[in-house]
Amino acid sequence: MQPEFRSQIDILLYGLDIMTGLFILILFGGIISVIYMYIVDKRQTKQAIRHNYPVIGRFRYLFEKQGEFFRQYFFAQDREEMPFNRAERSWVYRAAKNVDRTIAFGSTRNLDQVGTIMFMNCAFPTLAEDAIPPQKVTIGPNCAQPYATSSIFHISGMSYGAISKPAVLALSHGAKEAGCWLNTGEGGLSPHHLAGGADLVYQIGTAKYGVRDDNGQLSDEKLKSLAEIEQIKMFEIKLSQGAKPGKGGILPGKKVTAEIAEIRGIPIGEDSISPNAHPEIKNVGDILDMVEHIRQVTGKPVGFKFVLGHSQWLDDLLTEVNKRGASSAPDFMTLDSADGGTGAAPQPLMDYVGLTLKESLPLLTNILEKYNLRKQIKVIASGKLITPSKVAWALAVGADFIVSARGNMFALGCIQALQCNKNTCPTGITTHNPKLQQGLDVKDKAQRVANYNKYIHYGVGLIAHSCGVNEPRQLRRDHVRVVTENGLSIALDKLYPIE
């Protein structure tokens, strides 16, 4: 073989050796990198997905960063997803993480769509020196132990069972730092609700978990015992909830652990199905009787939660209140929207039953005004109110307080995986799988809950001051307009006039 060919072959072989060496080096480096990322992901607790699904979980964040580009051209736009669109969730995430919440270039919100709400800015907006914080509102002023709070936004009912131990702990600590209340949900009181020191609202569901006797009836002894706990500020009778009006709570057996079973007084591992109504409540008089009984036993404010469908019973209820005297009125009403959420519900009820808050809230506040009970009975609004604009709308329509469950779930890190009923929640929020719960760091998530609450109040304040009022609770219906079918808007005080 001629020397020049031999030289070319040697060069080729040398090149192959180098390429082989580089390939082995890259492969070895890749293996080391994967091992390193695995260790880092398992040891960190800031991102539950990465902790529970090391290495692979990183792709979610990569895709999320690229998602805006791909959604813009191929998939759903930021305002199209359900039940919460990406724009809403993104705001909550940024608020919870205390990062930049501003946007650029222009809103992606369609202002021509029927039902779109717009706040009417004032020619003379409120200056910073004239702004005041939300004033205290007292619930149950005639109770032995009334409850007063200035906080507008609170945490709605999520039972221990529907959500995990670390989730409850994070909410408890976050609520304490935020200065808001935490509703226990119908699953009873757990040590984890108490751990953070937050104010609590004890919810009494149709199964009366935590306050039932051996026969499943309401136990005065247990009510008194709970009332002695200083953190429990109010009691809420759950008549119905938006996601499943006419159906009681559903907790799949796979989520009924030994601790949850003990708290609820039910068998381990069996489905927890609450009755669809309180057996002792057959009419409006029975509602008032139960409210008054619990109020007398506990000495604390008592109200009830419901989703509105037929409204005649409200007229009957308030007529009965005026007949008995204003002192017989519930201290508050929690109105849930038909598009409210839950861990598990039959689809026919979730999709088709009840009124949404945009229709039921003005209806309720108008009825209370009609019977001169608006000041006596405080209104708590619930149902997809997770951003400042939605909260400000509810205040303008007539709510005294707003509560949210899913907004605070997003603050905890919920990615809307829609697996709440399967015990497979990838973020550890609605699962009792210890492995999946490891990614939910209580201290970090508690701070995110507090941040979220802070920026809700801040955002509502921005809207209120733009409308020219000193504080958010001064917002009224004439501050808001809604787009109608002809493409033009109408003020809410004209659309929902108070008779």
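1. For the lining classes used below, Ala, Val, Leu, Ile, Met, Phe, Trp, Tyr, Cys and Pro count as nonpolar, Asp, Glu, Lys and Arg as charged, and the others, Gly among them, as polar. The structure is a predicted model, in which local features need pLDDT of at least 70 and side-chain atom pairs count only at pLDDT 80 or more, while totals for chains, interfaces and linings use all residues. Residues are numbered from 1 along each chain as its sequence is written, and side-chain values use heavy atoms, with hydrogens and water left out.

2. A search of the whole structure returns two cavities of 30 Å³ or more, a cavity being a set of points, on a 1 Å grid over the protein atoms alone, where a 1.4 Å probe fits but cannot get out, with lining residues having an atom within 4 Å of a point. Grid points are joined across faces, edges and corners, and a volume is the space filled by probe spheres set on the points.

3. The largest cavity has a volume of about 60 Å³, and its lining includes Trp 181, Glu 236, Lys 305 and Phe 332. Two or more lining residues come from each of β5 (181–183), β7 (232–238) and β11 (332–336), where strands (E, at least two residues) and helices (H or I, at least four) are DSSP runs numbered from the N terminus. By class, this lining divides into six nonpolar, four polar and two charged residues.

4. The second largest cavity holds about 50 Å³ of space, and among the residues that line it are Glu 186, Lys 238, Lys 247 and Pro 275. Its lining has two nonpolar, six polar and three charged residues.

5. With a salt bridge taken as a side-chain nitrogen of Lys or Arg within 4 Å of a carboxyl oxygen of Asp or Glu, the count comes to 17. Asp 41 pairs with Arg 50, the closest N and O atoms being 2.8 Å apart, and both of these residues are buried (under 20% relative accessible area, against over 50% for exposed and in between for partly exposed, with a 1.4 Å probe and protein chains only).

6. Asp 41 also forms a salt bridge with Arg 58 (2.9 Å, N to O). Since Asp 41 lies in helix α1 (residues 3–43) and Arg 58 in helix α3 (residues 58–73), the pair ties together parts that are 17 residues apart in sequence. Arg 58 is partly exposed, at 28% relative accessibility.

7. Asp 315 and Lys 370 form a further salt bridge, with closest N and O atoms 3.3 Å apart. Asp 315 is buried at 13% relative accessibility, whereas Lys 370 is exposed at 52%.

Technical notes. 1 Å grid on protein atoms, 1.4 Å probe; cavity = no way out; pocket = protein on both sides within 12 Å on 5 of 7 lines; lining within 4 Å.
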